[in-house]
Amino acid sequence: MWHNASAMGATGPLPDGYTPTQRDLPVVGPAAGVPIPTPTLVDTPSPLGSSGGEQGPLYVVGDVHGYLDELRAALLNQGLIDTEDHWIAGNARLWFLGDFTDRGPDGVGVIDLVMQLSAEAAAAGGYCKALMGNHELLLIGAKRFGDTPVSSGAGTASFKAAWLLNGGQHSDMERLQDHHVQWMSRLDAMALADDHLLVHSDTTAYREYGDTITDVNDAITEALTHHDADETWDLFRKFTKRFAFRDEGGAAAVREMLDTYGGRRLVHGHSPIPYLLGEVGSEDGGDGAPQVHGPHVYADSLAVAMDGGVTMAGKLLVTQLPLPA
């Protein structure tokens, strides 16, 4: 039985970065005539384009957070899918930067669509891939460990409490299946595409897991195979940190990431652009819808923020890289 967030929060303080949000939003059904995407295999075929074929244009998607209709509209607008949610972009390459669920109404629907597009894009000679966000870690933890106490460093906490406080939707948990959890637990944490270092969080915590992209990805995947609540919580806590590239020393921090893992520019989600700019006080925003027109380039033009703040009535960003000069 799920308890309310205020009751769960009473077990003790939770780490910094938690943002209470509205829960149990109604699940938004598909538009008329648009079928609900069906799950595909966890392991999609290798992209045909990786065998030496010409690579298509590169796109990235910011945090979706369960806003399935907004995602469909953005992908349709970029010519990546048709009106029935099928991949039509041939050998194009598409990266999701993580955070598919929580806060919005249909996180599981978002995961199903991304899994479906991964298979369809691979079959067409392109690819659709996704990175691990902190909300994937949160949902995995809530599903696996529930009310199990974890050592939060700030008192007693649990994944279920944290998930509810960060916008967990009961409808998502009810529909979450084993293949969704398996898929999420195998996502890479970082990737390099066309000299763009892609990560979810604007944090340097990735460096604690290895000095190469492969080492980082392997270490995080391995940690999740242990099914250890405290180890998973530590991962979640580290990748919930933000703003490492924003203030004084931010450009130097980006350069260290690029020098370590490669690339000429770092692209991240996680911190909504209005929050990153100090226009709102939290991830859930405030009065009035923030004005987001596109990605935010900062830190001596070395970092690109891609979370347009869809959870605060901002914009769900789907952008082609490289950005125009």
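How many bridges pair strand 1 with strand 2, and in which sense do the two strands pair? Here are my notes as I went through the model, which is a predicted one.

1. To settle that opening question: strand 1 and strand 2 are paired in the parallel sense, over 4 bridges. If you want a spot to look at, find Leu58, which stands opposite Arg93 in strand 2. Now follow the chain from strand 1 through helix 2 to strand 2, and you trace a β-α-β crossover that is right-handed.

2. Turn to the other neighbour of strand 1. Strand 11 is joined to strand 1 by 4 bridges, and these two run antiparallel. Here Tyr59 has Gln320 of strand 11 as its bridge partner. A quick reminder of the background: strands in a sheet pair through backbone hydrogen bonds, and the pairing can be parallel or antiparallel.

3. Is strand 1 buried or exposed on its two sides? Both of its faces are covered. Leu58 and Val60 are buried on one side, while Tyr59 and Val61 are buried on the other.

4. Over towards strand 3, the pairing with strand 2 (residues 93–96) is parallel and has 4 bridges. Trp95 has Lys129 in strand 3 as its bridge partner.

5. Why do I call Thr319 buried? Its relative accessible area is 12%, and the cut-off for buried is under 20%, so Thr319 qualifies. Its contacts include Leu58, Tyr59 and Val60, along with Gln78, Pro295 and Met306, leaving aside residues up to four places away in sequence.

6. Strand 7 (residues 196–199) pairs with strand 8 (residues 265–268) in the parallel sense, over 3 bridges. Strand 8 is also joined to strand 10 (residues 303–305) by 3 bridges, again running parallel. Val267 is a handy landmark: Leu198 stands opposite Val267, and Val267 stands opposite Val304 in strand 10.

7. Which residues of helix 8 are buried? They are Ile213, Val216, Asn217, Ile220, Ala223 and Leu224. Looking down the axis of helix 8, you find these buried residues within an arc of 130 degrees, so they line one face. The spacing makes sense, because an α-helix has 3.6 residues a turn and residues three or four places apart therefore point the same way. As for what that face meets, the buried residues of helix 8 pack against several elements, including helix 4 (134–145), helix 7 (178–185), strand 6 (190–193) and strand 7. Helix 9 (229–239) and helix 10 (250–261) are among them too.

How values were computed
Residues numbered from 1 in each chain as written. Predicted model: local features only at pLDDT ≥ 70, side-chain atom pairs only at ≥ 80, totals over all residues. Heavy atoms only, no water. Pairing = 2+ DSSP bridges. Buried < 20%, exposed > 50% of the residue type's maximum accessible area, 1.4 Å probe, protein only. Right-handed = clockwise from strand over helix to strand, strands pointing away. Arc of directions from axis to C-beta. Contact = heavy atoms within 4.5 Å.
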